[in-house]
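Keep the sequence and the coordinates at hand.

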Amino acid sequence: MDRRLFLKSLTGTACSLAAHPMMTTVTLAASDGSAPLGDHRLVVVILRGAMDGLDLVRPTGDPLFARYRPTLSTTQGPDLTGYFSLNPTLEGLMPLWQAGQLGFVQATSTPYRDQRSHFDGQDILEAGTGLDLPDGTVRDGWLNRMLQAVPGLRAQTAFAIGTSSAPLLQGPAPVSNWQPDLRLDLSAQSRLLLDHIYHDDTLFREAATEALSLTENIDLSRTNGRTSPPTGGPLADTDRLTDFAADRLGQDTRIAAFSLSGWDTHRNQQGGITPPLRRLERVVLRLADRLGPQIWDKTLLLAMTEFGRTVAENGSKGTDHGTGGAMLMAGGALRGGRIMGQWPGLDEAALYQRRDLMPTSDVRAWAAHAMRGMYGFDRALLESNIFPGLTMGDDPGLLA
Amino acid sequence: MTQDSTTAAFRFGYGLPLPANAPSEPASMLAVLRGADTMATKYPGPQLADLTETLLRADTMLRTSRRATGEAAKTARQDYRQAIARLEGVTLLAAKTTIARALDAPDGFRERLVQFWADHFTTVARSRRDSPLPATLVEEAIRPYVTDRFADMLKAVIQHPAMLGYLDQSASFGPNSRIGQRRTKGLNENLARELLELHTVGSGYGQDDVTQMAELLTGLTVGKKGPTFDPRRAEPGPETVLGKIYDGDKLETVLKALEDLAEHPATAAHVARKLAVHFVADQPNEGLVQALTDAWRNSGGDLLAVAESLLTQPASWSRLQEKARQPFDFTIAALRALGLDGADVMRMADDAFRQMILHPLAAMGQPWQRPPGPDGWPEAAEVWITPEAMAARITWAMDMPSRLVNPLPDPAALMTTALGTHLGERLAWAVPRSETIREAVGLVLASPEFNRR
């Protein structure tokens, strides 16, 4: 085949590819400046492995707490409410607490009960369903269902970031997935030929098309004018992830989701929970810094986990899988400086199955109120489509 | 049913080309599986017993370096680093060994079964010191049993130090045991829960079963001479798991419970489905799942009988490539297609091996022996074929072959030798239109038909 003719036929291929929504949206991202979701940014962080909410925000005002946890409550962190105190590792977040840009929910959980499996627990957290739906009927995540309710979205409106995939954002609505710092150096011809060979396989076509366009379009040297330098050391990966999220949120992206793992502290929790807490703290502080005050003021970060852990420490200075847990919220858009949710208490009779913190709220309700406050979604839509079967209850007034 | 060699190589092995005279239909593949484990002899794997001294040395030196001062501390630190380097060397060698076996095995089915069971009983090293432990578990508790009874594999795995450490069993004590009372130590239910949820029945148990199982397991520990039962840490009294009462604080009681779990009908159904999903399709044919479940139940969990059923079901030979090759399988298949053999991999310098194999595996989403949790690697194609993973696969396909072989294979020939009857029209059209041989080879290895199975 004559080379010119050949390129033309390939251009034909590229055009038909462009008709695919993922490709179209990426192509249009530069020219179309309108943002269907407005100015608010929602960042959802999934804390994989069941974070111990009682170690995050400690009910140190109750003498029972020290009795349940003789080795886990020996350090003293900053006071929050006189009854609750913050894990000392998170001391760096106190300025945000004082500024009303940090808040917590205690004793919350998904509708998941009793089996205490990480895997089922995370599935339910990300699917955003109750337990009344038969297995496998809901395959998309709640953040994606929220996006499906917004017309005219482009793929780069929402980003799932990082190597561990985020089921939370998976589904029919266009979403971009990316891991910071990936490059793809290809000749123009190879790009065209790759487009050609992936054409008939939807899964490969979508993944490769997005990989090819993102490596062309993303310039990671942009920093929105902020200058905190990239760091080395154990937090370097967290920083890259956060910087990427901040960069995208500084532009057209309105929704970002990623996960932080390492919370499954069955043994020697005091040492084991420190690295993931440091990462969580770093994400919050660095995101605030990189976004700058103007965008941070429009930002709400929700960090949630599949379930909490046992109230009493176990036989190896750790905690086992429990039920009620905690949620962390941060952002300039938050009316924070408070601990939300109804506190059930630590008396043995008040515990769930005499073992776990009794959940007094549905983790989905907090997310639903956040989405309603930020984007104005209808209560009925939230309670039926996005979180099937949820009763949102009274508006906690999450937004500043 | 057509049992073609392309399907055999993609679905039950590590890809094409198959070595000369390699079996590619059920009867001969089963004959090989029944025969001797030739790869274990050709490339011996790590044994925990050979590492005991080094592990002990690392622990001693670490303690000394913390207690001592001055020159003594410095020497201890040096010795500690040496021990760790040796252990990490063993880990790297074990990774090479796994790949060498996969490349040289007659049809690859035994290696694929080992990989499946190693994933079913996932362990992850907790530290650099522990880095070789997962490979020793595979070598000692998985590999010898892939054609044996599941119950025997289960018992070997649950008693193996790698598993006892990974799922915290070594930190679990009966609260009313002698040690538990004296040192106020207690229960840790991590292993008990995963034993029920992941390793055996999968469903149909409650929190009480988990707690009782945890109490039942409390005697298991690692002694100076390996796995043992220590009655001083075992919770006294009988335990009830899934309605059966286990009485007697001794190893036999624990093993009886493991036998019962292995023979539980729910275990057969749970693991049979996993096998069908892993080997055949993410949404497997229900007839296939049922046949595997029946073969399991009828044989009392004889894994050879289950493998035979897997190889002889018509649904197992569907020509559809519904699954994605996981990054590890993709890498082996690529090395095989490029003509590398086990000896080539064993010869590779450590740095080259890390750069060309281990780092790319991580970029593709499958860091070597570091799955996200005790449930091992996910199966669904959508999880593996993501934009970031595809970028890493394309990069490997384009860049690594020219660093691995010289000269590069003829791309037109490679299409057929690597893909057999899976070669599609679009790829056949595109390959000759590449600007360079390097890119043409890259296209073949990055193609959907090469990345699926």
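What volume does the largest cavity have? About 560 Å³. A cavity here is a set of points on a 1 Å grid over the protein atoms alone where a 1.4 Å probe fits but cannot get out. Grid points are joined across faces, edges and corners, and a volume is the space filled by probe spheres set on the points.

This is a predicted model: local features need pLDDT of at least 70, side-chain atom pairs count only at pLDDT 80 or more, and totals for chains, interfaces and linings use all residues. Residues are numbered from 1 along each chain as its sequence is written, chains are lettered from A and ligands numbered from 1 in the order in which they are written, and side-chain values use heavy atoms, without hydrogens and water.

The structure holds seven cavities of 30 Å³ or more. Lining residues have an atom within 4 Å of a point. The largest cavity has 33 of them; closest to its centre are Gln115(B), Ala118(B), Val138(B), Trp368(B) and Gln369(B). Both domain 1 (36–146) and domain 3 (327–451) of chain B contribute to this lining, so the largest cavity lies between them. The domain bounds come from an automatic or database domain assignment.

The second largest cavity holds about 70 Å³ of space. Its lining includes Val32(B), Asp37(B), Phe109(B) and Arg110(B). α6(B) gives the most to this lining, with three residues. Helices are DSSP runs (H or I, at least four residues), numbered from the N terminus.

Key
1 Å grid on protein atoms, 1.4 Å probe; cavity = no way out; pocket = protein on both sides within 12 Å on 5 of 7 lines; lining within 4 Å. Helix = DSSP H or I, 4+ residues; strand = E, 2+ residues; numbered from the N terminus.
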